[in-house]
Amino acid sequence: MASQGAIERKLAREIAARKQAELLLEQKSLELYEANEQLNLVLSELKRQTHIDLHKLQFEEQINETLLYFGRAFLGRTLDDGLLASLLERLDTSSALRHAGIFLACETVLTVKANQFGSSNTKSTETIKPFAVWQESQLSLPLEVDHQIVGELSVEVVDQDIDAEFIVSQLRLIADLLCSAINRQIILTSNQQARARAEESEKATKEFVAMINHELRTPLNGLLGSAELLSDTPLDEEQRTFLSNLTHSGELLRHIINDILDFSKMSAGMMQLIPSQFALADLTGMLDSVFVNRALDKGINFHIDCSKKVPANLEGDFDRLCQILINVIGNAIKFTIEGGVSVAIEWKSGKLNVQVKDTGLGIPKEAQALLFNPFVQADRTAKRKFEGTGLGLAICKNLVELMDGEIGFSSQEGVGTQFNIVIPLNIPKVQKKQHKNHTKKVEKQLDTLSILVVDDIRMNQVIFNQMMRKISIVPDIANNGKEAINSVSERDYDIIFMDCRMPEMDGFEATEFLRGQKYTKPIIALTAGTTLEEREKCIQSGMDDILSKPYTAKELKLMIEKWV
């Protein structure tokens with residue numbers, strides 16, 4: 001019995017141990033199952049996150065490629081409808097986006113004709129919010145230039161795995177690039193318009209100066225030409241006085257017109273130099289002819305002292321050089337009551353040095369600082385004794401600076417003034433040969449010449465005709481370019497004097513036509529134009545030389561002698 005009881009107890013212990021082992025096994029299996037489930041959950045989340053990251057990375061790469069491509073395109077091309085449409089096509093190729101659209105306010109960019117592109121349904125900037133707006137899967141971003149909303153970028157987001165904030169941040173880069181391109185195009189268009197306006201204004205200014213030049217000089221040619229012709233007729237003393245007054249007023253008017261027109265050119269940046277070779281003797285001879293008698297009339301001395309070191313021939317703008325010296329010397333004589341005016345001409349280091357010294361009134365200290373300013377005169381009172389525009393010295397300074405020279409002065413009131421002018425000039429490599437006077441030989445030939453003058457102004461025709469009669473020539477007259485062409489077809493002329501501005505056909509067209517018909521004889525421009533552009537136009541059309549209005553009978557004769 002005792003043995004059986006021991007066996008039963010042993011069996012009971014084994015059963016209990018087995019149950020405990022089974023319970024432990026069940027517990028461990030449950031723990032293992034739970035761990036496996038947790039692992040599966042972690043793996044699933046890891047797979048999902050990896051999928052999101054891949055989509056996010058792919059989207060970011062697509063946006064970066066778009067930014068790179070269109071960043072270059074916007075810099076290299078004009079922003080237009082085609083470029084905007086191309087940008088939307090690129091956005092639609094993204095796996096995360098579709099139905100991209102752009103709205104631009106009308107006339108924001110003049111090079112863009114439409115205001116809606118792609119799938120945009122926006123009608124006005126008033127409905128656009130100044131921040132990103134989501135409407136379900138539709139995202140809208142404002143386009144802002146200079147703190148002003150000018151349009152909108154809109155897309156539909158089809159990839160819900162990518163974080164919304166990330167999509168907004170990436171598309172904002174596209175919107176910023178588009179805003180920069182819009183702003184750049186606005187600036188470029190504005191600059192182009194400003195440049196076009198400036199060019200149009202410059203063109204209008206040049207045309208105005210040319211027109212005024214012609215309209216003022218043409219009647220002046222008639223006035224001074226008539227006075228010159230009248231001086232060769234029998235006149236009594238009273239008539240001579242009237243003629244002298246007329247001539248003086250005409251010359252004063254010419255001086256004023258020249259000053260005003262030159263100042264207009266100077267203000268418009270149109271002042272230009274026309275260099276040529278000239279003789280020093282021509283310069284000093286011109287100054288003597290202009291000022292010797294004027295000084296004698298005032299009872300003062302006038303003297304030119306020219307150094308032997310000054311080259312006999314020089315190269316520069318002779319007319320403008322004369323204008324500078326005539327203005328300065330003319331002022332010296334004007335303001336000198338007694339004593340005299342002396343001119344010293346020297347050559348130093350490739351520059352012409354001219355000193356003009358007078359014993360005149362002198363310049364008050366308060367006026368000296370402003371003397372080269374336009375419309376400034378030493379005596380501005382209503383009782384001033386000396387006439388003038390106050391533009392002469394301002395123009396002189398501009399011309400001297402245009403020649404890379406210098407002009408200055410020293411003055412003492414009641415003692416006198418000295419002007420110092422330094423102008424760089426070239427010495428021509430080939431010196432002009434000095435020809436002996438052969439006037440008599442030329443004069444014998446002049447009356448055999450056939451000359452045609454083409455001018456639409458009756459007064460100019462009369463003046464030209466009378467000047468020609470002085471040298472026994474009766475010219476033919478044509479009123480415009482068409483008549484000139486007809487006249488040339490009927491007669492062979494030795495020389496043609498051609499006005500530039502005429503109705504029906506101007507002098508430029510007529511000259512080009514005649515040159516095209518193999519007419520080789522000299523054609524001389526009769527023009528009031530003084531700009532380099534107008535002179536070049538004369539030469540380009542086929543004209544050989546230019547006789548500027550108003551001209552004298554002497555200048556006309558010299559021009560004929562030069563070309564026959």
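Predicted model: local features only at pLDDT ≥ 70, side-chain atom pairs only at ≥ 80, totals over all residues.
Local features need pLDDT of at least 70 and side-chain atom pairs pLDDT 80 or more, while totals for chains, interfaces and linings use all residues. Residues are numbered from 1 along each chain as its sequence is written, and side-chain values use heavy atoms, with hydrogens and water left out.

Q: Why is D499 called buried?
A: Buried means under 20% relative accessible area, exposed over 50%, partly exposed in between (1.4 Å probe, protein chains only). D499 has 1% relative accessibility, so D499 counts as buried.

Q: What makes a residue a contact of D499, and which residues are touched?
A: Contact means heavy atoms within 4.5 Å. Leaving out residues up to four places away in sequence, D499 touches H214, V454, D455, D456, G507, L526 and K549.

Q: How do you know that strand 13 and strand 15 pair?
A: Two strands pair if DSSP finds at least two bridges between them. Strand 13 (residues 451–454) and strand 15 have 4 bridges, in the parallel sense, so they meet the definition of a pair.

Q: In which strand is D499 placed?
A: D499 lies in strand 15 (residues 495–499); strands are DSSP runs of E, at least two residues, and helices are runs of H or I, at least four residues, numbered from the N terminus.

Q: What makes strand 14 and strand 17 edge strands?
A: The open sheet of 5 strands has the order 14-13-15-16-17, with parallel pairing. Strand 14 (476–478) and strand 17 (545–548) each have a single partner strand, so one side of each is left without a neighbour in the sheet.
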